[in-house]
Amino acid sequence: EHMVQESHQDRELSTCPRESPSFHSRFTALSITREPWSKQGAKDGAVGTSQGRASTGSGAATTPTSSITTALFEPDRDGQTPQVVVLVGAPGMGKTMMVRKVMVEWGEGTLHTQFDFVFCIDCKAIVLPMEASVAELVSQCCPGLRVPAGKILDGQKKILFIFDGFEALGFSLVRPEAELSSDPREVKPLELTLMSLLKRTVLPEASLLITVRPAALGRLRQCLKGEYYVEILGFSAARRKEYFHRYFENSNKADVAFRFVRGNEILYSLCVIPVMSWTTCTVLEQELCGKKNLLDSSKTTTGMIMFYLSQILKHRDRDSHRVLQQFLLQLCSLAAEGIWKHKVLFEKKEIKDCGLDQPSLLPFFLNEGIPREGEDHESVYAFTHLHLQEFFAAMFYVLEDDGEMASSLGKLEKDVNKLLESYNKSRKDLNVTVRFLFGLVSQQSIEYMDKTIGCRISAQAREKLLEWLQGRHRGLSLPGQALKVSEMDTFHFLFEMNEKSFAQSVLNRFTDLELQDTKLTLYDQMALSFCIQHWAGLGCVTLQGCSFQWRDPEAELDAVGAVPRAGWTGEQPEQVRCAEPPFPVLSCRLQWCQLSESCCAELAALLAEQPGLARLELADSSLGDSGVRLLCEGLRAPGCCLRVLR
C-alpha cells in the first residue's frame, strides 16, 4: 500500500501542471536495449553515448508497452534470469519513472509477482554520515511495515532492492571485503551498509535494480558482478505521438500539439528525450489555453530548449553563477569544436583539458560511455543529443566570457562572420547552429538565460546577423529586378529570434517573396506567417510548385478553435494566415501548387477581405467548374479590387 501511494505521486521535476487521474494513463513505453555486461556496448564500444537515439543497434530491440518493465528481469537467451539489473540513462530519460512503474505494478499485483517485497532506496535523499543496518534502512523505506523488518529479512523471502539515482552516492566504493556486513541487523556506517547490499555480502539472494547516469557507470562497475545493463534510448517515433495523446486530456489538442512538433524537425527529434517531450507538452498546453491556435505561438525551438535546461538544472548543486558561467564557456567551446570537425564523441583527456570534469555539472550535459569489459581504451563522452550540441555550439559565439576564457581545443575564434559565411558557401550542416544563434540573441532569450539559468548572453552579434541577412539575398536578384527573398531558412532565422523590429529591419529592404518546389510543414508556415505579418513592403508573393502539410479538414477543432481564414492552400485544404488586414501583397502567384476545388472558398475569402490584392495567378490548377463558381463569389464581393486574374 505504501509503495503504490508513494509511486503515484508525480515527483519528477515537481512541476506537473495538473494531477493525472492515473499513473498508468501517463506512462509511455521507452525504447531500451538489454545486454549482460560482457556483451554490452553501444557503437564504438561504449554504453551511454547514444545521443538520444531511440533506434537501436545490431542485436538490440525496443520493447512493447505491455512488457517494458517485465523485460528488466526476463530470462536471457541462455535462460538465465538477471539478479542485478542496471538501468542507464541521461538526466530526463525516464529512469525514475520506470522505477515507479515497477513499484506500482508490483504493488497492484499485476507484474513482478516473483518478489515478496520491494524496497526503494532514493539515493538522492540519503544524508551522510549516519549509521544504519539493512533492517533499519528497510524500515525507513516503508514506515508502515506491519511485520518487523528483521523478520522479513531473516525469512526465505524474495526481495527486490531498488537504488534510484546511484550517482548521488558520493562515498568511495573501494572498501576491503572484511569491512562489509553479512548480517542484515548489523549497524554500520551507512556507506558500508549500502556497499554490502551492492556487493551482495548481505542478502546475496536478493535482486537489485539500480538506476544510474552514464557518467557514474565506471564507479558502479567496481562493486558489481554478473550484472545486466538496460540502456534507455528514449521515445520511438510512435511513442512520441502516444505520449502527446497521453499527456493531453483532449485528443484534439493532442493532435494539434503533435502536428506542431512534427512539423519542426529539430523539436521533433529532441522529443526522443522524455523530459523534452514533457517540456514541449507543458509549454504548448499553456499556449493552447491562451491563444487557442498554435499558428500564433511565439514559442521557438530555442525557447523550448532553454526551458528544458532550466528544468534539468533545478536539481544541480547550488553552484555560483560564476562557476556555472565558466563551465558553460568550456562546454560551448567543446560543442563548437565538435560541430566544426563533425565530431560527436570526445575523449576523457579532452574533457579534463577543458576543465569539464566537474561531477556536479557534467552529467547534465554529457553522457559518459564506458568501454566494454576487456577493452583498454578510456571512456568517451557525447552530448545527450546532437541538437543540444548544436545549441551549445551556437552559445559559444554569444556567451560572455569576460576575456578570460581560451579554448584548449585549438583556440577556436568567436568569429560569427566566419560561421555565417561558411554556412552560406558550403557548410549547410551548420543550419541548426545558425538558427539557434538567432534565437539566443533575442532580448527575451538574453533575459531568460540570465534570470532563470544564470548565464549572460551578449547582444553584440545582433548587428552582424542583421547585416548578413540583408546582404545574402542581394546577389540573388538581377540588376533592375525587384529585391526578393527566396530562401526558406531566412524566415526560420527571423522566426527563431521572434522580434518584430528585427524582422522589419531585415525584410523592409525587399519587395518580393519567391519560393520554388518547397513542401511547407506547419512550422514552415508559422515562420512564413510571422514574417509576412511584419513585412510592410512586400509587394509580390510567388510560390511555384509548393505544397502545404496536409491536414484532415474534419480535424478542425471544436475545443481549440479553427485556424483563422485568409491564406492560400496547397495539396490539401490547409489554412494559413498571411497577415492582418490590410493585406500588404499586391500580387500573389500560386503556380503549379496543385490547387484544387476545395481551396476556392479560402481564395474567395482572400479576394473579398484583402482590397490591396490586385493580381492573382493560379497556373496549372484543377479548380473545376464548382471551384471557379466559388472564386467568382469572391470576385463579386464589394471588397474585391482585383485587376488581373490568370
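**View 1. Strands E18 and E19 run side by side in this predicted model.** Strand E18, which covers residues 587-591, and strand E19, which covers residues 615-619, pair in the parallel sense, and 5 bridges connect them. Within this pair, leucine 590 stands opposite leucine 618, a residue of E19.

**View 2. The open sheet that contains E18 and E19 has 6 strands.** Followed across the sheet, the order of the strands is E13-E14-E16-E18-E19-E20, and the pairing is parallel. Strand E13 (484-485) and strand E20 (644-645) stand at the edges, where each has a single partner strand, so one side of each is left without a neighbour in the sheet.

**View 3. Another open sheet of 6 strands shows mixed pairing.** Its strands are arranged in the order E1-E9-E3-E8-E6-E4, and the edge positions belong to strand E1 (31-36) and strand E4 (117-122), each of which pairs on one side only. From one strand to the next, the twist averages 15°.

**View 4. Strands E6 and E8 are parallel neighbours in the mixed sheet.** Strand E6 (residues 159-164) is joined to strand E8 (residues 207-212) by 4 bridges, and the two strands run parallel. Here phenylalanine 163 stands opposite isoleucine 210, which belongs to E8.

**View 5. Methionine 103 is a buried residue of helix H3.** Methionine 103 is found in helix H3, and its relative accessible area is 4%, so it counts as buried, a term that applies under 20%. Although methionine 103 and valine 118 are 15 residues apart along the chain, their C-alpha atoms are separated by 7.3 Å.

**View 6. Strand E12 has buried residues pointing in two directions.** In a regular strand, the side chains alternate between the two faces of the sheet. In strand E12 (residues 380-383), Val380 and Ala382 point one way, whereas Tyr381 and Phe383 point the other way, and all are buried. Strand E10 (residues 346-347) pairs with E12 in the antiparallel sense over 2 bridges, and phenylalanine 346 stands opposite tyrosine 381 in E12.

Methods. Residues are numbered from 1 along each chain as its sequence is written. This is a predicted model: local features need pLDDT of at least 70, side-chain atom pairs count only at pLDDT 80 or more; totals for chains, interfaces and linings use all residues. Side-chain values use heavy atoms; hydrogens and water are left out. Two strands pair if DSSP finds at least two bridges between them. Axes are lines fitted to C-alpha atoms, for helices over the stretch in contact, and angles run from 0 to 180 degrees between N-to-C directions. Buried means under 20% relative accessible area, exposed over 50%, partly exposed in between (1.4 Å probe, protein chains only).
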